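Here are my notes on this one, written as numbered points to go through with the model open.

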Amino acid sequence: STLPTLFTPLKIRSLTLPNRIIVAPMGMYSAPHNGHLSPFHLPHVTQFALRGAALTIMEATAVLAAGRTSPLDAGLYLDSHIAGMKEVVDAVHALGQKIGIQLNHAGRKASGMPLERGMDARIANKEEGGWPEEVVGASKLRWQEGYVEPREMEEGDFEEVVTGFVRAAERAVEAGFDVIEIHAAHGYLLSSFLSPSSNTRPDKYGGSFANRTRLLLRIITSLRSAIPATMPLFVRISATDWMTHTPSAPQWTLTDSINLAHELDGLGVDLLDVSSGSNNLLQQIPPHAEYQIDLASSIRSSLRGAGKTMLVGAVGRIDNALIARDTVQLNAAGDAKADAALVGRQFLRDPSFVLNVAEALGVEVQWPSQYWRAAPL
Ligand code: FNR
């Protein structure tokens with residue numbers, strides 16, 4: 001029998017991954033000392049790398065202190081953050097695997113309380129380590145009740161944010177990361193600029209599609225030229241606001257994402273990581289398991305139809321072998337829904353997900369050599 005596409009190599013610039021399962025970025029709210037990693041991160045990340053995950057993308061990591069989603073976010077806004085990151089990177093490399101990092105500015109969702117089960121999202125005030133007065137956003141629209149009204153970004157803020165992304169990327173390169181992902185999803189700063197539901201600016205950063213995408217494109221261009229040409233760059237977007245039930249409300253749609261994807265292909269973005277939502281409280285997400293894979297698939301087929309090669313990653317409820325396999329399987333016509341499967345929660349349940357998927361699909365993969373007596377025959 002032929003190998004499922006899932007276990008065929010994925011080549012991205014200088015990087016070759018032996019399979020197409022990627023650990024999705026997941027914020028762990030475990031960096032209590034001004035963005036520096038804590039002893040939690042090394043075992044957390046290496047558990048995936050040790051057990052077959054060829055590429056793990058580390059959590060949303062702040063590019064500016066004020067752009068943290070919470071007081072417990074990891075950061076790359078100080079040179080002193082590099083050493084802790086390098087320790088994790090080196091450990092993953094010693095295990096023979098690759099590691100990426102997601103760079104973020106939280107925008108109007110900054111200074112939040114780290115979420116715990118059953119808790120309502122709200123601002124962290126000063127006594128709780130927050131910085132409510134320093135929260136900036138695309139516009140003066142608060143994220144939701146319990147959050148502050150952000151200060152609308154002004155000329156100097158743009159320079160600071162762009163430089164923040166570029167400097168954080170340079171630090172990530174210094175720490176040895178293999179991949180950088182720009183977080184432009186989930187209603188954080190870059191995502192909130194894209195959508196007219198959160199961006200009501202009257203200047204060149206608001207209004208038209210070209211204006212709303214301007215900040216993201218500017219950051220991609222600056223960052224791409226600041227990192228090695230051999231280094232893969234990913235961008236995560238929310239492919240829709242899920243607001244089509246109110247067609248007259250301003251919103252970011254799948255069509256917008258397709259148009260954006262065509263532009264990103266030309267800017268040296270290697271993989272578009274297709275998530276969705278979290279930018280509008282009135283969103284209505286379809287209740288079926290493939291809701292997000294469908295978005296990735298639509299974007300990919302539009303790109304391929306135009307002869308564009310940017311890779312597309314699918315994410316969301318990929319939690320078993322068959323869904324993982326089918327998400328990236330090339331059919332007889334050479335089409336697939338996506339090029340890579342990003343997996344979040346299932347890796348928290350089962351850090352051996354890659355090994356277990358391989359076994360379920362009858363594919364031989366390399367187990368940690370030390371564990372040979374437990375590996376399938
Ligand atoms: C997330 N998610 C997420 N997304 C992101 O872009 N940056 C982040 O830092 C986080 N943080 C985060 C923490 C935790 C605990 C979870 C469960 C999720 C979203 C995540 O990457 C993924 O897109 C979703 O979880 C959907 O995929 P799964 O979990 O269904 O495979």
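1. Start with the second largest pocket: 22 residues line it, and G52, L95, Q97, Q366 and W367 lie nearest its centre. Its volume is about 430 Å³. A pocket here is an open set of points, on a 1 Å grid over the protein atoms alone, with protein on both sides within 12 Å along at least five of seven lines, and lining residues have an atom within 4 Å of a point. Grid points are joined across faces, edges and corners, and a volume is the space filled by probe spheres set on the points.

2. Before going further, a caveat: this is a predicted model, where local features need pLDDT of at least 70 and side-chain atom pairs count only at pLDDT 80 or more, while totals for chains, interfaces and linings use all residues. Residues are numbered from 1 along each chain as its sequence is written, and side-chain values use heavy atoms, with hydrogens and water left out.

3. Back to the second largest pocket. Helix 1 and helix 11 (353-360) each put at least two residues into its lining. Helices (H or I, at least four residues) and strands (E, at least two) are DSSP runs, numbered from the N terminus. The lining divides into 13 nonpolar, 7 polar and 2 charged residues. For these classes, Ala, Val, Leu, Ile, Met, Phe, Trp, Tyr, Cys and Pro count as nonpolar, Asp, Glu, Lys and Arg as charged, and the others, Gly among them, as polar.

4. What about the largest pocket? About 1400 Å³ of space lies in it. Its lining has 47 residues, with P25, Y29, H186, Y188 and S278 nearest the centre. Strand 4, helix 8 (291-305), strand 12 (340-343) and helix 10 (345-349) each supply at least two lining residues, and helix 10 gives the most, with 4 residues. By class, the lining of the largest pocket has 22 nonpolar, 17 polar and 8 charged residues.

5. The structure holds 2 cavities of 30 Å³ or more, a cavity being a set of points where a 1.4 Å probe fits but cannot get out. The largest cavity has about 70 Å³ of space and is lined by V23, A24, P25, M26, H44, V45, F48, T56, I57, M58 and E59. The lining of the largest cavity splits into 8 nonpolar, 2 polar and 1 charged.

6. The second largest cavity has a volume of about 40 Å³. Its lining is A184, S191, L194, S195, S238, D241 and W252, which by class gives 3 nonpolar, 3 polar and 1 charged residues.

7. On to helix packing. Helix 1 and helix 2 pack at an angle of about 25°, with their axes 9 Å apart. That makes helix 1 roughly parallel to helix 2. Axes are lines fitted to C-alpha atoms, for helices over the stretch in contact, and angles run from 0 to 180 degrees between N-to-C directions; those under 35 degrees count as roughly parallel, over 145 as roughly antiparallel, 65 to 115 as roughly perpendicular and the rest as oblique. The crossing of helix 1 and helix 2 is right-handed (the near helix is turned clockwise from the far one by less than a right angle). H41, L42, V45, T46 and A49 of helix 1 contact E87, V88, A91 and V92 of helix 2, contact meaning heavy atoms within 4.5 Å. This contact has 6 nonpolar, 2 polar and 1 charged residues.

8. How do helix 2 (residues 82-94) and helix 3 (residues 155-175) pack? Their angle is about 45° and their axes are 8 Å apart, and the two helices are therefore oblique to each other. Helix 2 passes helix 3 in a right-handed crossing. I82, M85, K86 and V89 in helix 2 meet R171, E174 and A175 in helix 3, and by class this contact has 4 nonpolar, no polar and 3 charged residues.

9. Last pair: helix 6 (residues 214-226) and helix 7 (residues 254-265) pack at about 20°, axes 11 Å apart. Helix 6 and helix 7 are therefore roughly parallel to each other, and the crossing is right-handed. L216, L217 and I220 in helix 6 meet L260, E263 and L264 in helix 7, a contact with 5 nonpolar, no polar and 1 charged residues.
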